[in-house]
Amino acid sequence: MKLSRFPLWPAHQAADPASNDEGLRNRVIAAYGADAVQDDRELAQIVEFAARLCEVPIAMVTLVEKDRQRFLARKGFPGLETPRSTSLCAHTMEGQGPLVVPDASEDARFAEMELVKTDDGVRFYAGQPLVSSEGVPLGALCVIDREARPEGLNALQREGLEVLGRAVMRRLTAERDAAFAKNRIEVSELRTRQLAENLPVYAWAANAEGEIEYANPALYEFLGVDDLSDFDSAALVHPDDIEELRAARTVSRASKKRWEAKARLKRNDGVYRWMILRAWPFVVGDEDPQTWFGAAVDIDDLQSVSDSRDLLARELSHRIKNIFAVISGLISLQGRKHPGAEDFVRELSDTIRTLGKAHDFVRPHAGRTENTLNGLLAELLAPYGRIDGKRIGIIGSGCAIGEKSATPLALIFHELATNSAKYGALSHADGHLAVEIIDEGSQVVVAWRETGLPESDEAGAQGAPDTTEREGFGSRLLRTAVEGQLQGKFTRRIVDGMLEVDLELPCDKLQA
């Protein structure tokens, strides 16, 4: 990529025309891209018309540079340039209006110039200054005759030369703006390329068909290849990861959306390393994307750490499960030494087993496909009957639950289910338990409803309503778990033979 020798002068940026700084003039002239308009068709038409308008054989558009006068368009003159020392246009451009010289051979400023003092030299000259928008003098639109013209130009010719001079400047300015825009694009592309080549990631660009058109040196060096036409081939990607990578790219091209995949790329030494690969389409307006920009980040070290942590988590989970089993066994053994404590031992063992189920439900790599509140309830209520809506029904799923909330949730529902089996709806054949899980976005409401309670001592059996001063151990356990550990709200009431328990649980606590 080749940038201009002179930094381009920004369009319409003010300059000081009184400075006579040739360096400044060179920068401004370079910004007009003179090479691009050399013998330009539009400028040629302007000088042709200027010559006819002023009835002269010679007309030119000139740029006056440091050491030469350059002709961008000309009629009736063979050369492309002359020395600046012989330039009448150099005088014209420094004036405030048209310069008209009826006979240059009799003008002290020009009489000794090589182009004037010959027998067929310049006699009549008229020039319209060409000045940039910053006020920097550039050259002139001039007409020349080899015969003197004492009358100079008439009013129409003067006006026409001025109008044509403005047309020349519009053409030059259009080229300048185009050159400036091109330069900005080149600089932007160079900056982007250098950024891509020095980023600490592996970057590439692909076309709409998925073919890699560019990759930064880091990616070529990592893969040890010089051809990425088969980027998702078995030569570069682990065989087990190819299909996922290809599918992600295919879907992205069809949907015109970004894609992401996790895959192992083969390093130049044959070792596979885990990468996160992402690519996103470059979209202009509502047109279909023609380019996808991609990047790959090496996560192999993090993956190794993650694998080690997963292994440790599985081992700890297994040991915790064993601890539950040991505790349950110890309780059974100790219970045999205390006749009459069978009910207490049984309830305590049931609670320990419930905690074990809750741990199984959320422990890593337990083989489960879901960890919702619905799933945990179904797991804990399964010992009390079929969950088919006839005796026990569960509606809704709620938000996911995490490891921290599993234990208090297990205690809550175990306590409710145990009480129901002893004293409530599940204690006889005619009772019915319905649990509805209502997802309200920021919180989940669990509505526990038991119908068909035993007629004897309903309030005492199920625990006094919250409005009384008495509160049993079960109620205190529920309130501690709901309000203390999960920061929710717990209400319980018995109305017309129905037990109603409402648990309001914040989702952020459940998912923790």
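Two residues count as being in contact here when heavy atoms of theirs lie within 4.5 Å. With that in mind, welcome to a quick tour of this predicted model. By that contact rule, Arg25 touches Val64, Glu65, Arg84, Met93, Val136, Pro137 and Leu138, leaving aside residues up to four places away in sequence.

- Arg25 is found in helix H1, which covers residues 22–31.
- Buried means under 20% relative accessible area, and Arg25, at 5%, therefore counts as buried.

**Helix H7**
- Helix H7 runs over residues 242–255, and its 14 residues reach 20 Å from the first C-alpha to the last, close to the 20 Å expected at 1.5 Å a residue.
- Ile242, Leu245, Ala248, Arg249 and Ser252 are the buried residues to look for in H7.
- Viewed down the axis of H7, these buried residues fall within an arc of 140 degrees, so they line one face of the helix.
- The face of H7 turned away from that buried side carries Glu243, Val251 and Ala254, which are exposed.
- The cover over the buried residues of H7 includes strands E7 (202–207), E8 (212–215), E9 (259–266) and E11 (291–298).
- Just after H7 comes Lys256, with a positive phi of about 60 degrees.

**Aromatic pairs**
- Searching the whole structure turns up five aromatic pairs.
- In one of them, the ring centres of Tyr202 and Phe222 are 5.0 Å apart and the planes stand at 45 degrees, so this pair is tilted.
- Tyr202 sits in strand E7 and Phe222 in helix H6 (residues 217–223), so the pair links distant parts of the chain, 20 residues apart.
- Tyr202 counts as buried at 17% relative accessibility, and Phe222 counts as buried at 6%.
- Phe413 and Trp448 have ring centres 6.4 Å apart and planes at 15 degrees, so their pair is stacked.
- Phe413 belongs to helix H11 (residues 403–422) and Trp448 to strand E14 (residues 443–451), so this pair ties together parts 35 residues apart in sequence.
- Both Phe413 and Trp448 are buried.

**Charges over rings**
- Arg149 lies over the face of Phe124, at 4.6 Å from the ring centre.
- Lys262 lies over the face of Trp274, at 5.3 Å from the ring centre.

**Salt bridges**
- Side chains of opposite charge can pair when their charged atoms come close.
- The structure holds 23 salt bridges.
- One of them joins Arg70 to Asp35, with the closest N and O atoms 2.5 Å apart.
- That bridge links distant parts of the chain, with Arg70 in strand E2 (residues 68–75) and Asp35 in the loop between H1 and helix H2 (41–54), 35 residues apart.
- Arg70 counts as buried at 10% relative accessibility, whereas Asp35 counts as exposed at 62%.
- Arg264 and Asp241 meet in a salt bridge of 2.8 Å, N to O.
- Arg264 lies in strand E9 and Asp241 in the loop between H6 and H7, 23 residues apart, and both are buried.
- Asp502 and Arg493 form a salt bridge in which the closest N and O atoms are 2.9 Å apart.
- Asp502 is buried, at 13% relative accessible area, while Arg493 counts as partly exposed at 31%.
- Salt bridges with shared partners join Asp35, Glu65, Arg68, Arg70 and Glu81 into one network.

Notes: Residues are numbered from 1 along each chain as its sequence is written. This is a predicted model: local features need pLDDT of at least 70, side-chain atom pairs count only at pLDDT 80 or more; totals for chains, interfaces and linings use all residues. Side-chain values use heavy atoms; hydrogens and water are left out. Helices (H or I, at least four residues) and strands (E, at least two) are DSSP runs, numbered from the N terminus. The expected span of a helix is 1.5 Å times one less than its number of residues. Buried means under 20% relative accessible area, exposed over 50%, partly exposed in between (1.4 Å probe, protein chains only). The arc is that of the directions from the helix axis to the C-beta atoms. Rings of Phe, Tyr and Trp (its six-membered ring) pair if their centres lie within 6.5 Å; planes under 30 degrees apart count as stacked, over 60 as edge-to-face and the rest as tilted. A charge sits over a ring if NZ of Lys or CZ of Arg is within 6 Å of the ring centre and within 35 degrees of the ring normal. A salt bridge is a side-chain nitrogen of Lys or Arg within 4 Å of a carboxyl oxygen of Asp or Glu.
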